[in-house]
Amino acid sequence: MPRATPAPSTAASAAPAGADPAARDHLGHGLRTRHLTMMGLGSAIGAGLFLGSGVGIATAGPAVLVSYAIAGVLVVLVMRMLAEMASALPASGSFSVYAEHALGRWAGFTLGWVYWFTLIMVLGAEVTGVSRIVTGWLPGVPQWAVALVVVAVFAAANLAGVRKFGELEFWFALIKVVAIVVFLVLGVLLVLGLLPGTDPVGTTNLLGHGGFAPAGVGGVAAGLLVVVFAFGGIEIVTIAAAEARDPQRAVGRATRTILWRILLFYVGSVAIMVLVLPWDAPVLQEGPFVAVLDVAGLPGAARLMEAVVVVALLSAFNANVYATSRMAYSLAGRGDGPAVLRRVSRRDVPWVAVLVSVAFGVVAVGLNWALPDTLLGILLNAVGAALLVVWVLVAVAQLRLRPRLEAEARARGGRLPLRMWGYPWLTWATLAALAGLVVLMLADGSARGQLLSTAGLVAVVVGIYGVTALVRRRRAARAPAAPAA
């Protein structure tokens with residue numbers, strides 16, 4: 001099987017200051033394991049946890065802990081499969097490359113561009129969220145000005161080099177991790193009644209108000225739909241692995257530490273929420289972290305959490321610019337995107353891909369402000385279940401590639417750096433769980449709309465692939481045959 005690293009582009013033309021006139025098309029290797037670890041943590045710990053966990057609690061009650069545990073195990077299994085492939089074949093296109101190797105070019109094209117489009121739409125939502133919070137602090141500053149500053153700063157950060165990007169993302173993620181750890185410590189003290197003016201909370205809130213599972217098994221299933229996609233973003237670790245100094249070792253170490261930490265942060269935080277406050281308390285939906293910190297008597301909790309949410313959104317924006325640019329770079333290198341996206345600067349950054357991603361992100365911001373309830377709503381709905389498409393194809397690709405990767409490792413006299421547990425049975429079990437998730441989404445009104453919209457998006461991308469493949473075949477048929485040697 002061919003290596004995952006795409007063939008270099010032959011395109012060469014003028015580049016901006018800092019770009020190599022020889023049209024370099026290879027990426028650098030400036031990321032370290034600590035960068036990958038914090039990038040994965042930072043991407044998964046975002047507004048979905050800080051703001052969205054209250055919606056899950058309102059849906060399932062305290063039994064949302066079961067929903068988070070199920071979702072967490074599912075993500076752990078998918079990430080283990082992805083890490084197995086990434087440690088053997090580090091590539092900037094990650095799962096798109098593995099899908100192409102396993103299922104054919106159509107799968108790599110489809111998965112790569114669906115993922116790119118998904119993150120572009122998310123970029124617009126993240127910038128809009130930051131702008132709204134900041135203008136609440138500074139009423140005289142227009143939202144467009146805040147958005148412009150955010151876009152300019154993080155475009156520059158991504159163009160400065162992967163090492164500087166990694167450092168910036170490391171510190172952003174560290175702020176979020178510290179905030180979660182402080183919350184967990186304060187929450188445990190509050191639960192035990194060790195803070196001034198507090199008593200042990202006991203299990204009144206956990207088991208009262210209708211019991212642990214007030215909505216029954218159906219509530220746990222509905223809660224699963226609310227929380228399962230909150231873990232999205234962790235896959236950036238395998239995208240960034242291609243630019244790590246020691247990809248095989250770095251991706252393995254990063255994924256091992258990330259997974260249990262994310263489970264601890266999510267399940268631990270939500271456990272404190274449902275222990276400290278009744279699950280049906282309105283304040284939990286308005287802001288679950290703020291509600292708990294208010295009970296702990298922490299002054300300025302609301303403003304503090306607003307600042308943490310801004311950091312979370314900025315960190316996610318920074319990481320998503322990186323992920324979209326690397327996915328576009330990889331697609332272009334495989335002939336599935338414009339060759340210009342392969343242009344790399346002297347700092348080993350795909351500068352054209354970065355600027356294109358930022359430009360489309362600005363378009364998404366404009367849609368967010370101009371058409372929040374019409375076109376934007378349709379587009380955001382279309383990306384709602386895109387992560388499910390990624391997970392399914394990751395599992396299928398791992399099923400197909402594992403025998404080939406093992407054979408290649410044996411031929412080199414070694415073994416796979418990282419292996420999925422219980423192959424192939426756990427992979428099949430994961431696919432069955434994902435199929436069950438699809439059934440749950442079809443049974444839920446709002447989730448059904450997201451699933452069908454995502455299916456429509458996938459169909460459009462597959463159609464585009466079909467058209468481009470037809471054009472390539474016709475051009476190949478018209479091309480003159482090479483003279484015999």
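**Exercise 1. Which residues form one aromatic cluster with Trp113?**

Solution. Keep in mind that you're looking at a predicted model.
- Step 1: The cluster brings together Trp113, Trp116 and Phe360.
- Step 2: Trp113 and Trp116 both sit in helix H6, 3 residues apart, or about one turn of the helix.
- Step 3: Now check burial, where the cut-off is under 20% relative accessible area. Trp113 comes out at 17% relative accessibility, so Trp113 is buried. Trp116 has 10%, so Trp116 is buried too.

**Exercise 2. Work out how the rings of Phe95 and Tyr115 are arranged, and where the two residues lie.**

Solution. 
- Step 1: Start from the overall tally, which is 11 aromatic pairs.
- Step 2: For Phe95 and Tyr115, the ring centres are 4.8 Å apart and the planes meet at 80°. Planes over 60 degrees apart count as edge-to-face, so that's the label for Phe95 and Tyr115.
- Step 3: Phe95 belongs to helix H5 (residues 95-103) and Tyr115 to helix H6 (residues 105-137), so the pair links distant parts of the chain, 20 residues apart.
- Step 4: Phe95 and Tyr115 are both buried.
- Step 5: Trp113 and Trp116 are an edge-to-face pair, with 5.4 Å from centre to centre and 75° between the planes.

**Exercise 3. Find the rings that have the charged end of an arginine over them.**

Solution. 
- Step 1: Go to Phe170. The charged end of Arg34 sits over the Phe170 ring, 4.8 Å from its centre.
- Step 2: Go to Tyr329. Here the charged end of Arg342 sits over the ring, 4.0 Å from its centre.

**Exercise 4. Describe the largest cavity: its volume, its lining and the helices behind that lining.**

Solution. 
- Step 1: Count first. There are 4 cavities of 30 Å³ or more, and the largest has a volume of about 60 Å³.
- Step 2: List some of the lining. Among the residues around the largest cavity are Val75, Val78, Met79, Leu82, Phe231, Glu235 and Trp391.
- Step 3: Ask which elements give two or more residues to the lining: these are helix H4 (64-88) and helix H18 (386-411). H4 gives the most, with 4 residues.
- Step 4: Sort the lining by class, and you get 9 nonpolar, 1 polar and 1 charged residues.

**Exercise 5. Is Ser53 buried or exposed, and what does Ser53 contact?**

Solution. 
- Step 1: Locate Ser53 in helix H3, which covers residues 53-60.
- Step 2: The relative accessibility of Ser53 is 0%, so Ser53 counts as buried.
- Step 3: Set aside neighbours within four places in sequence. Ser53 then contacts Gly48, Tyr68, Val270, Met273, Pro288 and Phe289.

Technical notes. Residues numbered from 1 in each chain as written. Predicted model: local features only at pLDDT ≥ 70, side-chain atom pairs only at ≥ 80, totals over all residues. Heavy atoms only, no water. Buried < 20%, exposed > 50% of the residue type's maximum accessible area, 1.4 Å probe, protein only. Contact = heavy atoms within 4.5 Å. 1 Å grid on protein atoms, 1.4 Å probe; cavity = no way out; pocket = protein on both sides within 12 Å on 5 of 7 lines; lining within 4 Å. Points joined across faces, edges and corners; volume = space filled by probe spheres on them. Nonpolar A, V, L, I, M, F, W, Y, C, P; charged D, E, K, R; others polar. Phe/Tyr/Trp six-rings, centres within 6.5 Å; stacked < 30°, edge-to-face > 60°. Lys NZ or Arg CZ within 6 Å of the ring centre and 35° of its normal.
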